[in-house]
Amino acid sequence: MSEVLVLIDAPDGKVTKPSLELLTIARSIGEPSAVVFGDCDTTVLGEYGAEKIYTYDDAAYAEYLVAPKAEALAQLVADKSPAAVLVGASTEGKEISARVALKTSSGWISDAVDVSVDGDTITTTQSVFAGNFTVQSQVTQGAPVITVKPNSITPEAASGAGAVEAMTAEISAAAKTAKITASKPKESSGRPELTEAAIVVSGGRGTGGDFTEVEGFADSLGAAVGASRAAVDSGWYPHSFQVGQTGKTVSPQLYVANGISGAIQHRAGMQTSKTIVAVNKDDEAPIFELVDFGVVGDLKTVLPQATDEVKKRKG
């Protein structure tokens, strides 16, 4: 089987769920090889099918922005000639992958929700134009460099050799022009990361600025909290929680929109969710055209009842 390179995201040494999803996808199209920059628990990578694990421990990868990682990965692609390169569709992942595609003269595909192979041809599925169309894409030159949205697949464990191989790369001076001078750890809310969560509960203008009911329902489900642009622009919730075309794109198993009208800007960020539920007082809100289940009612009445019922069934 052809080798498939998977760029692993492991902040603080812990492999993220989207990285395990990538390894699962890689197994369906070839032989997964994990690529790790910095410290990481490599054992789990073998448990999810990685046959080889290429590790890079040069301090430059932590001291500078994405350019050194892109150069190292591009050199690995040139050396290994993989069938494909899979990267998580995070902000950093997209920049690294785009640079790698340019350096290796390869085709680049962003925000795939599915990857399949037929013979030697790899095909991706994407949701485009604010989720109004689903398209299939193929790369015609080089090894496909593909970013995949989180929650596109359920990660499945599978035994792999997990052979670790320490790697080195020639990093140019130009790649070291943007240095990280300071960083601040993100404050933990105790909830899942928005783009990685299997369940997202969002609030919009209908909250009136009070996200108490939204947060309470999210916590009962173990979900992440999101917000519409209207809520963020009003200063009700931080911008880092915005879901939409100018915010974050999510694709959870369950998305619950509360007090959100369903403008195209918001739909662009959540339309690929597997199941969508909406709570809104306006029975003509555009969001109801999109949902699998809709509740016409005041979220401040509906959500506390739903929260109580979830807690009751849990315990």
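Biologist: What is the relative accessible area of Lys17?
Modeller: This is a predicted model: local features need pLDDT of at least 70, side-chain atom pairs count only at pLDDT 80 or more, and totals for chains, interfaces and linings use all residues. Residues are numbered from 1 along each chain as its sequence is written, and side-chain values use heavy atoms, without hydrogens and water. Buried means under 20% relative accessible area, exposed over 50%, partly exposed in between (1.4 Å probe, protein chains only). Lys17 is partly exposed because its relative accessible area is 32%.

Biologist: Is Glu21 buried or exposed?
Modeller: The relative accessible area of Glu21 is 2%. Therefore Glu21 counts as buried.

Biologist: How far apart are the closest N and O atoms of Arg99 and Glu95?
Modeller: Arg99 and Glu95 sit 4 residues apart in helix α5 (residues 91-103), so about one helical turn separates them. Arg99 is partly exposed at 33%, and Glu95 is partly exposed at 36%. Their salt bridge has its closest N and O atoms at 3.2 Å.

Biologist: Which residue pairs with Arg267 in a salt bridge?
Modeller: The N to O distance is 4.0 Å. Arg267 is in helix α8 (residues 264-267), and its partner, 22 residues away, is in the loop between β13 (275-280) and β14 (293-296). Arg267 is buried at 13%.

Biologist: How many aromatic pairs does the structure hold?
Modeller: Rings of Phe, Tyr and Trp (its six-membered ring) pair if their centres lie within 6.5 Å; planes under 30 degrees apart are stacked, over 60 edge-to-face, the rest tilted. The total is 5.

Biologist: What is the centre to centre distance of Phe37 and Tyr56?
Modeller: Phe37 is in strand β2 (residues 31-37) and Tyr56 in strand β3, 19 residues apart. Both are buried. Their planes are at 25°, stacked, with a centre to centre distance of 5.0 Å.

Biologist: Which residue joins Phe37 and Tyr56 in one aromatic cluster?
Modeller: Phe37 and Tyr56 already form a stacked pair. The cluster also takes in Tyr61.

Definitions and conventions:
Helix = DSSP H or I, 4+ residues; strand = E, 2+ residues; numbered from the N terminus. Salt bridge = Lys/Arg side-chain N within 4 Å of Asp/Glu carboxyl O.
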